[in-house]
Amino acid sequence: MTTMARLETPFVSTLPGRYYYDPAIYEMELERIFSQMWVCVGRADAITGAGAYEVVTVGRESIIVIRGRDDVLRAFLNVCRHRGARLCNEASGKLKGSIQCRYHAWTYGLDGRLIGAPNVLSDEQFERALFGLLPVALEVWEGLIWLNLGDDPASIEDQLNEPIIERFGGYAAFARYDVGNLKVGKRIAYDMQANWKLVLENFMECYHCGPMHPEFCRLLPGYKTGDVSDYVNGEAVSLAENVEAFTITGKASRPPLPGLLQEDLRHYYGFVLQPNVLLNLLHDHVVMHWLIPNGPGRTVIMCDWLFDPQVMARADFDPMDAVEIFDIVNRQDWEVCELTQLSMGSKAYQSGGVYVPEERHIRAFADFVLERVR
Amino acid sequence: MTTMARLETPFVSTLPGRYYYDPAIYEMELERIFSQMWVCVGRADAITGAGAYEVVTVGRESIIVIRGRDDVLRAFLNVCRHRGARLCNEASGKLKGSIQCRYHAWTYGLDGRLIGAPNVLSDEQFERALFGLLPVALEVWEGLIWLNLGDDPASIEDQLNEPIIERFGGYAAFARYDVGNLKVGKRIAYDMQANWKLVLENFMECYHCGPMHPEFCRLLPGYKTGDVSDYVNGEAVSLAENVEAFTITGKASRPPLPGLLQEDLRHYYGFVLQPNVLLNLLHDHVVMHWLIPNGPGRTVIMCDWLFDPQVMARADFDPMDAVEIFDIVNRQDWEVCELTQLSMGSKAYQSGGVYVPEERHIRAFADFVLERVR
Amino acid sequence: MTTMARLETPFVSTLPGRYYYDPAIYEMELERIFSQMWVCVGRADAITGAGAYEVVTVGRESIIVIRGRDDVLRAFLNVCRHRGARLCNEASGKLKGSIQCRYHAWTYGLDGRLIGAPNVLSDEQFERALFGLLPVALEVWEGLIWLNLGDDPASIEDQLNEPIIERFGGYAAFARYDVGNLKVGKRIAYDMQANWKLVLENFMECYHCGPMHPEFCRLLPGYKTGDVSDYVNGEAVSLAENVEAFTITGKASRPPLPGLLQEDLRHYYGFVLQPNVLLNLLHDHVVMHWLIPNGPGRTVIMCDWLFDPQVMARADFDPMDAVEIFDIVNRQDWEVCELTQLSMGSKAYQSGGVYVPEERHIRAFADFVLERVR
C-alpha cells in the first residue's frame, strides 16, 4: 500500500477521514464551532410582522426567532421554563401577542418575559422575572440572521468582516450589492447525506466544475478551463460572451441590482462565510446557502434566492430562471459530496486525500477546524 | 442566561434532562427498576384456557406468560434452552399441550419442563430436568399479572399495599371496586415517542388538565379550576353536576360496579402503582394503563378498559362510550409528553425544570428514581 | 435459575450470547477475521470481458473487482486517491478502458494506474505513480474470487486446502466436480437479520433438518433420521431411492457433471470454507453461498447456482428446478437464524446454549472465532 506516499509530494492533505464520520468529533464541532461562533439561520426579511416566527436549529438546540411588537427580532430557546415542553412545533407561523405552552399554559410575551403561570399565586414568592424564556444572542447582518449560543459572544463584525475584506479587497465592492435590502424570492430546503465540511470544501474549489457542472460552466467558462484557483481581492469570473445573465436560458429578465457599477455587471462572486454560509453574487440576484449539520453524515442545506424588492413587486416577477440553474448546480454538488462521504471510513482515506495546487487554499479551512476540534 | 435562577425560588426541580434521554441511565433503569421490582404485564383474565399465552416484554427480556393444564399462570423466558431460538413469536395465541421450538423441535410442557429433545438418547447422561424453560416469578394481584426478574423477589404486597393505603387511607375503599374480578372489554396499544417517566409524571398531576383536556374537565370540573393537587386518604374529584357517568356522552349506560357504596358513585380516583401502572377508577368501569419502556425516548403503553363481567355478558354491551373519552385523554397526554421529550437535550433543561406547588408531590417519584439510578 | 446447569453435563456450550450482538465484538471480527483472512466475494465467471466489474464489500471496505485488458482480475479500494469520492457506485457494470472519478475526473487504467489528473502539470513534481488505486490482494480459486485486506496475506492454499482434505479425505473427490469451470446460472441475494455466525452454525448441522426442512429431507432422507453428525473423509448423504436428482420435482433434467464417478452420482456434500462460504455439491449442479456481514445482527447472503457451461449453452436450459428447492431451504434457514438472533441478548443466553452430541463439532468454529476475537 502506498497511502503515505502523498506526504512526500508537494501536495497538501485534507483532514483525515474520521473527521467526516466520527460522532465524537461531530459532537466537538457542535460544541466548539456551532455553539461558540455566530451561525446564520436565515433571512430577517422572511419573518415579517409582530408575532411572526421561525423555528431554527443551531447545534442541538431548537430556537424560536420571533419578531416583537417593537419590530425587533429576538431569539429564545424553544423550551418552556416550567416542565420543558417544546413551545413552537411548526417550522414557522404567526402568533397573536404571546407564546403559550400547550402543556400547562405558561405564557410568555413576544419579548420572552413570563406573563402568565396559571394557579401560581403571588404569595408563593414566585418571581416571574426569573422564568422568562432563555434568550439567544441575535444579530442581523446584511439581512442575514445570526445567532450565537456562547456565553460571551464576540462581535459579529470580528467574525464576518475579515472574509469579506479578503474576498473583495475591501468592503465597498460587497456593499454595492446591498444584500441587506434584498428579499427572498424562492427558498429550497435540501436534506443530504454528507458531513457539513464536505459541502463547504466542495464550494471552495471549482476544480470539479468542469466534470460536474456543464450548465454552470457554459455560463461561466472561466471555471471550466485554465488556472482557476482561490479568488481574493475582488478577482471574479465573468459571464460567457454570448450570455446576458446567470439564468437557465442565459438571457437577462431583470435589471441589475441598483447599487452596482458597470464593472460589476458581468461578474460572479462566490465565497464562504464560516462556519455555515455560502454566498453567490450575480448582477441581478444573490443566492445564499446556509448549512444545518444534522449528524456526522447528514446536512440540511437551505438555499434562498434574493432579489431587489422593487423587481419582486412587479406583476410579472418570476424567479425561476435564476432558481433552475442553481438548483441544478446544487443537486450536482450534493451528489458528489454524498459519493465522497461513502469513502470517509475506508482505510484508503485514514490519513485523508490530497489537494491539488488549485485546491490548496482549502487547507486553511481544515486548519480552522483543527484549531477548534482536536 | 438564568438557568440556575430556579434554585433560589421555593420551587422544586424535576430530574435533570439527561435522565430522559441518556442510554446509560435508561440501561440502569431497566436493570435496577424493571429487573428488580414487580412489573405489571397485563390482565390474567385476558389469558383464558390451558395453553393460552401472551408474549410480554420486561426490560430487555421477551417472556411467555402461559396458562397450564392446572389453570395456573406461569412465566418463562421466551428462549429455547438448546440454541436459544425464540419460542413464541406471536403476541398471543393458544398452544395445544406443549411449547415446541421451531428450530430443532425441543419440546416443553406448559409447566416449562423439557419433555422432548430429538436424538438425545438416555445413555448420553442428559438430564432433561436441567434444561427446562427458565421461570420468571409471577403473581396475580387484583387480576393484574406482575412479573419479577430479580433473583430474590420481595413480596408483591410490600410493593403494592403502601401506595393503595396512602391513596385511599386504607385498603377497603379500593377493595370495593373488586378490580380482580373485572374483565377486559377493550384494549388499545399506543406506541409513543417519550421516556416512560414523562408519562408517569404527566399522569401524576392535573395542572395540565385545564389546558390539555377540555373533554375530561367537562366531566370532572374539579381538575379545571381551584387548587387541584396530590390526592391522598381517599380524596377524589367528583363528576360534574349535569353528568351521569364518565363517558363520551356524560350519560350512564351501565349499572355501578356491584360492590360500591353510595359515596363512591360520583367519584373518580386516579393513581400510580410504581413502576409502570396507571389506574383510573370510575363508578361503572376501570381504566388501567401499563407502560413498557422501549428505549430512552420511546414507550409502548397498553390500555385496558375493565368492566363487570355480568354487564359484559349482556347482548347489548358496548364499551365504546367509556373507551372514546379516555382514548381522547390518552392521545392528548402522549402528544405533550412527546413535545416535552424533544427538549430534554436542550441546555435549557440541563438541570431540569420546576414543579409548581400543586405538582410538588411528583418530586417523590424523581427521588424514587434517583435512589435506584445514580 | 439453572442457567449454569449445562456446564455440569456432557454437553458442549455455544459462544456466549454477546458474541452475536455486541458491536465491539463485531468490529473485532471485521478487523481480525474479515480483514486478515481470504474472503470470498463471488465468481470469476460472472465478470466477463475487459472493463467488466463488480463492486463488493469486505469488512467496511467497498472494493472494485475488475477485469483488465489482459483478462486478469484485479481488486482496488473503491476510493479516488484525490479527494476520496467513491468511484463505482453501481453493483456491477462494464467500463470502456478506464475508471474515471465523477468528482474531478481523475482517471485510472483498468490496472489501477493513475493516467489522468486534469490541470496537474508535470512541472509540479507530481508523481502519478504514487497515486494509483490502492490494490487489494486477489486470488481465483476454483472459480471463486477471494480477497485479502491484510498487509501480508498468507497463501490461499494454506487457508482452503485443509477443510477440503478434511471433508473429502483428500483433494481428488472434490476436484472431480471441477467447480472452477462451472458457471453461474442463477444468483439470488438475501438480506437477513441475524449475525453471520448463526448462519454458519446453522449450516454446519442438520439436527434442524427434520423439523425445518421437510422438502429437503424428502430428497435426502438421511438428514431426517438416524445419527446424522459431522461428515468427514468423504462421507455423504444419498438421494432417496425414488428420487433422481436434487430438484424441486425429484426428477433429473440435466446430465451429471462431466468429471464425476459413478459413486458420486447420488451423493450430496455440504461443507463450509471459513470464514464465509457454504458449498453444496450435487451430481448435476453446485450451490454456493457467500456471506457478507452487514452489522452485528444483519447479514447479506449471496447464493449462486452453478452449472456445466455445456449444459447452460443448450437452448432448453432452465435452472429453476434446482433453484426452487434450495431457495426454499435458504428461506427456512434464515427464518430460524432470525428467531435465534432475537434471544441473543437474553440473560437465558448470557453464557450461551448447548450443542447436543450431533452438533458438537460446531464448537471448533466457536473456538476458531475465540482464537481471533477475545
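1. Contact between chains C and B. In this predicted model, 29 residues of chain C are in contact with 24 residues of chain B, two residues being in contact if their C-beta atoms, placed from the backbone, lie within 7 Å. On the side of chain C that touches chain B, α5 (209–212) and α8 (320–341) of chain C each supply at least two residues. Helices (H or I, at least four residues) and strands (E, at least two) are DSSP runs, numbered from the N terminus. The residues on this side of chain C comprise 15 nonpolar, 11 polar and 3 charged. Here Ala, Val, Leu, Ile, Met, Phe, Trp, Tyr, Cys and Pro count as nonpolar, Asp, Glu, Lys and Arg as charged, and the others, Gly among them, as polar.

2. Basis of the model. Residues are numbered from 1 along each chain as its sequence is written, and chains are lettered from A and ligands numbered from 1 in the order in which they are written. As the model is predicted, local features need pLDDT of at least 70 and side-chain atom pairs count only at pLDDT 80 or more, while totals for chains, interfaces and linings use all residues.

3. Contact between chains B and A. Chain B contributes 29 residues to this contact and chain A contributes 24 residues. Two or more residues of the side of chain B that touches chain A come from each of α5 (209–212) and α8 (320–341) of chain B. By residue class, that side of chain B has 15 nonpolar, 11 polar and 3 charged.

4. Symmetry. Chain B is superposed on chain A by a rotation of 120° with 0.1 Å of shift along its axis (RMSD 0.0 Å). This is the relation of a three-fold axis. The C-alpha of B:Pro23 is the nearest to the axis in chain B, 8.9 Å from it. For chain C on chain B, the superposing rotation is 120° with 0.0 Å of shift along its axis (RMSD 0.0 Å). In chain C, the C-alpha nearest the axis belongs to C:Pro23, 8.8 Å from it. Copies are superposed by least squares on the C-alpha atoms of residues with pLDDT of at least 70 in both.

5. Overall form of chain A. Chain A has 9 helices and 18 strands. Its radius of gyration, taken over C-alpha atoms, is 22 Å, close to the 21 Å that the globule rule gives for 374 residues, so chain A is as compact as a globular protein of that length. The globule rule is 2.2 Å times the number of residues to the power 0.38. The C-alpha trace of chain A spans about 75 × 60 × 30 Å along its principal axes. Of its 374 residues, 43% count as buried; a residue is buried if 20 or more other C-beta atoms lie within 10 Å of its own, exposed if 12 or fewer, and partly exposed in between, with C-beta atoms placed from the backbone. Among contacts in chain A between residues at least 6 apart in sequence, those joining residues at least 24 apart make up 64%.

6. Domains of chain A. The assignment gives domain 1 (11–22 + 161–374) and domain 2 (39–153), with bounds from an automatic or database domain assignment. Their C-alpha centres lie 32 Å apart. In the contact between them, 13 residues of domain 1 of chain A meet 10 residues of domain 2 of chain A. The elements giving two or more residues to the domain 1 side are β12 (183–192), β16 (286–293) and β17 (299–307) of chain A. That side divides into 8 nonpolar, 3 polar and 2 charged residues.

7. Nonpolar core. The largest nonpolar core has 320 residues, of which A:Leu147, B:Leu147 and C:Leu147 touch the most other members. Such a core is a set of buried Ala, Val, Leu, Ile, Met, Phe, Trp, Tyr and Cys residues joined through C-beta atoms within 7 Å. Not counting residues up to four places away in sequence, C:Leu147 touches several residues, among them C:Val39, C:Val58, C:Ile63 and C:Val136.

8. Backbone points to inspect. Most residues other than glycine have a negative phi, and most peptide bonds are trans. The peptide bond from A:Gln274 to A:Pro275 is cis, with omega near 5°, and A:Pro275 lies in the loop between β14 (267–273) and β15 (277–281) of chain A. The bond from C:Gln274 to C:Pro275 is likewise cis, with omega near 10°. A:Asn119 has a positive phi, near 65°, and sits in the loop between β9 (114–116) and β10 (135–141) of chain A. With 18 C-beta neighbours inside 10 Å, A:Asn119 counts as partly exposed. B:Glu142 also has a positive phi, near 55°, in the loop between β10 (135–141) and β11 (144–148) of chain B. B:Glu142 counts as buried, with 21 C-beta neighbours inside 10 Å.
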